[in-house]
Amino acid sequence: MTLGTLSEVAPIKSLLLKHPREAWNDQDDIRRQWKTLGYTEEPDFAKAAAEYDRFADILRGFVPDVHFLPTDARTGLDSIYVRDAACVAGKGVILCRMGKPLRAGEPGAVGDFYAKAGWPVLGAVREPGTLEGGDVVWLDERTAAIGHGYRTNAEGIRQFREIVARDGCEVIEVPLPHWDGPGDVLHLMSMLSPVAERTLLVYSRLLPVPFRKRLLESGHRLLEVPDEEYATMATNVLAVAPGKCVALTGNPRTIEVLNKAGIEVWTYEGDEISRKGAGGPTCLTRPLLRST
């Protein structure tokens, strides 16, 4: 079984989500966990549920098949950010091993869901490897870029490369900056998001020079996020189809950059589900099947 095209921008046909009702349970659970997990403030459960419902409604306008992960005792608040626990490869999914120890139970919970749903699992990253989905970006059908930082290590990248090499795929290892240190979330997708064919929304000031040069030499168009909007997750944009994206509100200059490049953008309010946990629309979603 194939999971369709290895693209980050082809139309999403099947999508995995996890609602705050299943990830967060209630306000008491939020109160017990949010500081330990590094959220900037305590999220409001009722407001988060309402925000998420509107977010999911936008996605349903593009995606015909939407699945929701169930409640699982192995997971906590961060499990709302479903991208990180598994990656999509050509013939199935690869279960990750989280670099954030408090998220260690998420790949097992997601793996159980895939098994029951009949989605093929190609393999899993094993100790001492770590790899999180937010660090993995397919640049084309045969090329994945993976950020090497505090959440994804060299051994995790090696194991991923070994699995996808069976299908003739190449992996580019991208060194990530220290930025605000190991306690902060800095994935590769914190600095770039594919938005159309060979078109990336980027914050070039954080891109390693050899990687940025390679993108340009391979024909990618780079749309630049303004300095003043990087901190508000302007680079975190989900392509639901080529040139059609979902983004967090509050970054008008970035939306203007996208619109001028011919990219249509739908926005959602994410004060509770995105800003407080530092997870935008790519983090909140795991596209399972994309197809032209």
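Which residue stands opposite Leu95 in β5? I looked there to begin with, and Leu95 stands opposite Ala124.

**Ground rules**

I am working with a predicted model, in which local features need pLDDT of at least 70, side-chain atom pairs count only at pLDDT 80 or more, and totals for chains, interfaces and linings use all residues. Residues are numbered from 1 along each chain as its sequence is written, and side-chain values use heavy atoms, with hydrogens and water left out.

For element names I rely on DSSP runs: helices are H or I with at least four residues, strands are E with at least two, and both are numbered from the N terminus. I call two strands paired if DSSP finds at least two bridges between them.

I followed β4 to both of its partners here. β3 and β4 run antiparallel and are joined by four bridges. A hairpin of two residues connects β3 to β4, and Ala89 stands opposite Gly92 in β4. On to β5: β4 and β5 run parallel, with three bridges between them.

**Entry: helix α5**

I then turned to α5, which covers residues 154–165. The helix has 12 residues and reaches 16 Å from its first C-alpha to its last, close to the 16 Å expected at 1.5 Å a residue. That expected span is 1.5 Å times one less than the number of residues.

Which residues of α5 are buried? I count a residue as buried under 20% relative accessible area, exposed over 50%, and partly exposed in between, using a 1.4 Å probe and protein chains only. The buried ones are Gly156, Ile157, Gln159, Phe160, Ile163 and Val164. They sit on the same side of α5, because they cover an arc of only 160° around the axis. The arc is taken from the directions that run from the helix axis to the C-beta atoms. A reminder to myself: an α-helix has 3.6 residues a turn, so residues three or four places apart point the same way.

**Entry: the β6-β7-β8 sheet**

Three of those strands form an open sheet in the order β6-β7-β8, with mixed pairing. β6 and β8 are the edge strands, each pairing on one side only. From one strand to the next the twist averages 30°. I found β7 and β8 paired in the parallel sense over six bridges, and Thr143 stands opposite Glu170 in β8.

Helix α6 lies across β6, β7 and β8 and runs at about 140° to β8. For such angles, axes are lines fitted to C-alpha atoms, for helices over the stretch in contact, and the angles run from 0 to 180 degrees between N-to-C directions.

**Entry: the β2-β1-β15 sheet**

I looked up another open sheet of three strands, in the order β2-β1-β15, again with mixed pairing. Its edge strands are β2 (65–68) and β15 (286–290), each pairing on one side only. The twist averages 20° from one strand to the next. β1 (residues 12–17) pairs with β2 in the parallel sense over four bridges, and Ser14 has Asp65 as its bridge partner in β2.

**Entry: Leu238**

Leu238 is in strand β12 (residues 237–241). I note Leu238 as buried, with a relative accessible area of 2%. Leaving aside neighbours within four places in sequence, its contacts include Ile12, Leu59, Cys245, Val246 and Pro287.

**Entry: aromatic pairs**

Rings of Phe, Tyr and Trp (its six-membered ring) pair if their centres lie within 6.5 Å; planes under 30 degrees apart count as stacked, over 60 as edge-to-face and the rest as tilted. By this rule I get seven aromatic pairs.

Phe55 and Tyr268 form a tilted pair, because their ring centres are 4.6 Å apart and their planes are at 50°. Phe55 lies in helix α3 (residues 45–60) and Tyr268 in strand β14 (residues 264–268), so the pair ties together parts that are 213 residues apart in sequence. Phe55 is buried at 0% relative accessibility, and Tyr268 is buried at 3%.

Tyr203 and Tyr230 are stacked, because their ring centres are 4.4 Å apart and their planes are at 15°. Tyr203 is in the loop between β10 (199–202) and α6 (209–217), while Tyr230 is in helix α7 (residues 227–230), 27 residues apart.

Terms used. Contact = heavy atoms within 4.5 Å.
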